[in-house]
Amino acid sequence: DELTQFLAELERLTRVGTYDTGNRVEVYISNLNFETTYSYLLSSNITLSMISTFTLSAVTSVEPDACENLRMWIQSLKRTSTLISECSEIDKRTFFKKQRDFLDRI
């Protein structure tokens with residue numbers, strides 16, 4: 001049930017393109033298989049980058065250079081991915097159908 005609810009919420013976010021707060025959200029799908037999670041935060045006060053893979057905790061850095069390198073890496077990954085929030089209706093429908101079919105099987 002929780003996975004179905006999460007999938008429904010993710011689909012809603014891709015349809016409207018924003019969180020309830022009004023902040024923009026971008027959802028990308030990719031044919032590449034990532035076993036790692038990349039995150040970064042940029043603000044006027046702090047830079048933070050996090051990389052996590054198969055471990056219980058993430059490698060975290062507050063160094064601006066590390067954050068910029070990770071930001072550039074994520075931007076390069078986006079070029080090989082498909083943006084499904086607010087556009088690409090065919091890819092979006094196909095993606096969510098596959099996900100619902102997978103959930104039905106498990």
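The model is predicted, so local features need pLDDT of at least 70 and side-chain atom pairs count only at pLDDT 80 or more, while totals for chains, interfaces and linings use all residues. Residues are numbered from 1 along each chain as its sequence is written, and side-chain values use heavy atoms, with hydrogens and water left out.

**The sheet and the helix across it**

- Three strands form an open sheet in the order β2-β3-β4, with antiparallel pairing, where strands are DSSP runs of E with at least two residues and helices are runs of H or I with at least four, both numbered from the N terminus.
- The edges of this sheet are β2 (37–42) and β4 (59–61), each of which pairs on one side only; two strands count as paired if DSSP finds at least two bridges between them.
- Strand β3 (residues 47–52) pairs with β2 in the antiparallel sense over six bridges, and L48 in β3 is the bridge partner of L41.
- Helix α2 (residues 64–79) lies across β2, β3 and β4 and runs at about 125 degrees to β2, with angles taken from 0 to 180 degrees between N-to-C directions of axes fitted to C-alpha atoms, for helices over the stretch in contact.

**Salt bridges within helices**

- The structure holds nine salt bridges, each being a side-chain nitrogen of Lys or Arg within 4 Å of a carboxyl oxygen of Asp or Glu.
- Side chains of opposite charge can pair when their charged atoms come close.
- R71 forms a salt bridge with E68, with the closest N and O atoms 2.8 Å apart, and these two residues are three apart in helix α2, so about one helical turn separates them.
- R93 forms a salt bridge with E89, the closest N and O atoms being 4.0 Å apart; because R93 and E89 are four residues apart in helix α3, they are separated by about one helical turn.

**K92 and its surroundings**

- K92 is found in helix α3 (residues 89–105), and its side chain meets that of E89 in a salt bridge (3.7 Å, N to O).
- K92 is buried at 6% relative accessibility, whereas E89 is partly exposed at 41% (buried means under 20% relative accessible area, exposed over 50%, and partly exposed in between, with a 1.4 Å probe and protein chains only).
- Leaving aside neighbours within four places in sequence, K92 is in contact with T14, R15, I84, E86 and C87, where contact means heavy atoms within 4.5 Å.
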